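The sequence and the coordinates come before the discussion.

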Amino acid sequence: MRHLPLVALFAAACGQDYNVLQQPDVDPADVTPCPFSPISGTRFSRYDCNPVFTSTGEDWVDGGVGAVGYHAEEVLGHPFYQMWYSADRSDGRWGLGYAISPDGTNWTALADNPVVVNPTQGWNRDAMGAVQVVWQGDAQRYVLAYQGVNLETDGNGLGLLASSDGQVWEQLNDGKPFLQLSQVVDGVRYCWPLALTWTADVGFRGYINGGKGLNSDLCEVYTYGGSDIGSIEPDNAKPILPAGPKAYDRKGASSAAVVKFGETWYMFYAGIRDWQPIQDGWVAPYDTTLNLATSPDGLHWEKSPDNPIDAVALKHRPSVIGNISAQVVGSRIHLWIDDDYDDVGQAVGYFLYEPDIEPFE
């Protein structure tokens, strides 16, 4: 089974071109043009003026934006938001753009975009999906993980880039993929990367989905990682978030965002109910929903009994959750979720999750 490149969201850490003075806990509604409305029976709130992002309007972008990654960093006691996004260019190649925002809703693109342009040949020439960025503190650099695709060879892999400022990027591993995807590697056929984290004590811990054997139709969640770039490898002993047993994620997860809040790890993920054929043997997730799992260590996970989260309450079309990004800021987890809106189609909505409160009535 070949899987269509996933347009994924991920949170990225900001560079150290300034001094962080304090940990902010700003209520986003105090700085955004519209308020957030609590969703009854949950700890979620939705931004009343969703969606916040559809496309950039830049001349180099041909059509819509693909993979998007968001991050909120603390500057002078207030959040500062960054975004990296892939898109097709008018010349038929793809590129990576960069934008910033003071409030997570209004974005200004870099004048020199795109900051990365795809090669004309090789394993990653045709698409850049599943973009995830993390700040590697000990090396003072960003590391960007992505799914590169070559449609002619049906090949795709996990690639890594590095940057000191989020704008000038270099290929790691001599430009070769760190892991072949959609091929069997030690008994597991991986689908695409889901999330990436870095901490000083653990190093890199990534989440990637896959299934046992070449013909598996599951994309369950596994881990990969290492203490540094040179030691990154998959841990494919068994999935850390298996598919099912309920129908909402019986085929696994199509996207995910992982953050640590206090002593608990949170995984917000899109569960796959089924697959739909696209073309030439490729398939894409069908009937996806927003779900939550928690863990004491980032390795042993328990799914929420309230899954799936009510799509109608989130105010988008049911069963079309796409990519998810999450970032801790103060006492809240900020979420950007890609889904389908009646008036604009596929777009990104802004949400909050507050772990320390009782569910809204």
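The model discussed here is a predicted one. Its protein chain contains one helix and 26 strands, and 59% of its 361 residues are buried. A search of the whole structure finds two disulfides, and the largest nonpolar core has 24 residues.

**Overall make-up**

- Among contacts in the protein chain between residues at least 6 apart in sequence, 54% join residues that are at least 24 apart.
- The protein chain exposes about 14,700 Å², of which carbon and sulfur atoms supply 47%.

**The disulfide of C34 and C49**

- The sulfur atoms of C34 and C49 lie 1.8 Å apart and form a disulfide, and this link is left-handed, with -65 degrees about the S-S bond.
- C34 belongs to the loop between β2 (9-11) and β3 (36-38), while C49 belongs to the loop between β4 (44-47) and β5 (61-75), so the pair ties together parts that are 15 residues apart in sequence.
- Are the two cysteines of this pair buried or partly exposed? C34 is buried because its relative accessible area is 14%, which falls under the 20% limit for that class, whereas C49, at 36% relative accessibility, counts as partly exposed.

- When the bonded cysteines are counted along the chain, the disulfides follow the pattern 1-2, 3-4.

**Nonpolar cores**

- In soluble globular proteins, nonpolar side chains tend to be buried together.
- Which residues of the largest nonpolar core touch the most other members? Of its 24 residues, these are F268, I324, I333 and L335.
- The elements that give two or more residues to this core are the strands β20 (252-261), β21 (264-279), β22 (282-295), β24 (324-329), β25 (332-341) and β26 (345-353), together with the helix α1 (311-314).
- The largest share of the core comes from β25, which contributes four residues.
- Leaving aside residues up to four places away in sequence, I333 touches V259, F261, Y266, F268, A326, Q327, V328, F351, L352, Y353 and P355.
- A second, separate core has 21 residues, among them A195, L241, V283 and A293.

**The loop residue D91**

- D91 is placed in the loop between β6 (78-89) and β7 (94-101), and at 44% relative accessibility it counts as partly exposed, since that class covers values between the 20% limit for buried residues and the 50% limit for exposed ones.
- Along the chain D91 and V61 are 30 residues apart, and their C-alpha atoms are separated by 9.6 Å.

Note on methods: Residues are numbered from 1 along each chain as its sequence is written. This is a predicted model: local features need pLDDT of at least 70, side-chain atom pairs count only at pLDDT 80 or more; totals for chains, interfaces and linings use all residues. Side-chain values use heavy atoms; hydrogens and water are left out. A disulfide is a pair of cysteine sulfur atoms within 2.5 Å. Buried means under 20% relative accessible area, exposed over 50%, partly exposed in between (1.4 Å probe, protein chains only). A nonpolar core is a set of buried Ala, Val, Leu, Ile, Met, Phe, Trp, Tyr and Cys residues joined through side-chain atoms within 4.5 Å. Contact means heavy atoms within 4.5 Å. Accessible areas come from the Shrake-Rupley method with a 1.4 Å probe; for residues, only the protein chains shown count as cover.
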